[in-house]
Amino acid sequence: MALRLSVSSSHGPASSPAISTCRPAACGRFPALLGGGGVASQRRSLTVVSGPETRAVIPVRSSGSDTATVGAETVAVTGKVTEVNKDTFWPIVKSAGPKVVVLDMYTQWCGPCKVMAPKFQEMSEKDQDVVFLKLDCNQDNKSLAKELGIKVVPTFKILKDGKVVKEVTGAKLDELIQAIETVKSS
């Protein structure tokens, strides 16, 4: 299987190039690499367990999609990154209400995505008034990735009141932080 990849740089041509995005020939067209079988298709789901006093998020290995739920309800969770899929994304965005939602659209094979993942997790732990989500642009989520207009990974979509208001493409942490702050203050 041949993989066509276009690399763009966040620096000018005079400086040394830095890989900031991955551009697959078509998002989700590589099932063997993007969850079509084997270890890559194993996923972790997050289930929010609601008790009389506490609500905990428990990682669970499953063959199903990742979601954050209370009973049969999908909810927005702050203070962590929640994995979403084509079925859970919009309900979680809706449940976020007026909170800013940041979606990290990634693939498992993308180098810049792997670089941004721990930084995105750290941001979610620090910024408790923002909902941080991540979407694996594999074959299963191809329809949502297409609906959101993804062309490169990583792509970060920033939503407010259920609408995409900003987008940051590439592994550009400073630009992402600035975009989130701009949306929060608007």
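Predicted model: local features only at pLDDT ≥ 70, side-chain atom pairs only at ≥ 80, totals over all residues.
Helices (H or I, at least four residues) and strands (E, at least two) are DSSP runs, numbered from the N terminus.

Residues are numbered from 1 along each chain as its sequence is written, and side-chain values use heavy atoms, with hydrogens and water left out.

**Exercise 1. Describe the peptide bond between V153 and P154.**

Solution. Now look at the bond that joins V153 to P154: it is cis. Its omega is about -5°.

**Exercise 2. Find the residues that touch the most other members of the largest nonpolar core.**

Solution. 
Step 1: recall the term. A nonpolar core is a set of buried Ala, Val, Leu, Ile, Met, Phe, Trp, Tyr and Cys residues joined through side-chain atoms within 4.5 Å. Buried means under 20% relative accessible area, exposed over 50%, and partly exposed in between (1.4 Å probe, protein chains only).
Step 2: list the residues. The largest core has 22 residues, and V84, F89, V101, L103, M105 and L133 touch the most other members.
Step 3: ask where the core comes from. At least two residues each are supplied by α1 (89-95), β8 (100-106), β9 (130-136) and α3 (142-147). The largest share is that of β8, with 4 residues.
Step 4: look for a further core. Another one, of 15 residues, lies apart from it and includes F120, M123, V168 and L176.
Step 5: In soluble globular proteins, nonpolar side chains tend to be buried together.

**Exercise 3. List what L103 touches, leaving out residues up to four places away in sequence.**

Solution. Contact means heavy atoms within 4.5 Å. By that rule, L103 touches V84, F89, L133, K134, L135, L148, T155, F156 and K157.

**Exercise 4. Work out how the buried residues of α4 are arranged around its axis.**

Solution. 
Step 1: check the helix. α4 covers residues 173-185, 13 residues in total. From first C-alpha to last it reaches 19 Å, close to the expected 18 Å. The expected span is 1.5 Å times one less than the number of residues.
Step 2: pick out its buried residues. They are L176, A179, I180 and V183.
Step 3: look down the axis. The buried residues of α4 fall within an arc of 100°, so they line one face of the helix. The arc is that of the directions from the helix axis to the C-beta atoms.
Step 4: turn to the other side. There, D174, Q178 and S185 are exposed.
Step 5: name the cover. The buried residues of α4 are covered by elements including β8, α2 (111-126), β9, β10 (155-160) and β11 (163-169).

**Exercise 5. Trace the salt bridges of K184 with D127 and E181.**

Solution. 
Step 1: apply the rule. A salt bridge is a side-chain nitrogen of Lys or Arg within 4 Å of a carboxyl oxygen of Asp or Glu. The structure holds 7 of them.
Step 2: take D127 and K184. Their closest N and O atoms are 3.0 Å apart. This pair links distant parts of the chain, 57 residues apart: D127 is in the loop between α2 and β9, K184 in helix α4.
Step 3: compare burial. D127 is buried at 13% relative accessible area, whereas K184 is partly exposed at 27%.
Step 4: take E181. The closest N and O atoms of K184 and E181 are 3.6 Å apart. These two are 3 residues apart in α4, so about one helical turn separates them.
Step 5: join the pairs. Salt bridges with shared partners connect D127, D129, E181 and K184 into one network.

**Exercise 6. Decide whether P98 is buried or exposed, and find its contacts beyond four places in sequence.**

Solution. 
Step 1: locate P98. Its place is the loop between α1 and β8.
Step 2: read its accessibility. At 65%, P98 counts as exposed.
Step 3: find the contacts. P98 touches K160 and D161.
Step 4: examine D161. D161 sits in the loop between β10 and β11. Its phi is near 55°, a positive value in a residue other than glycine.
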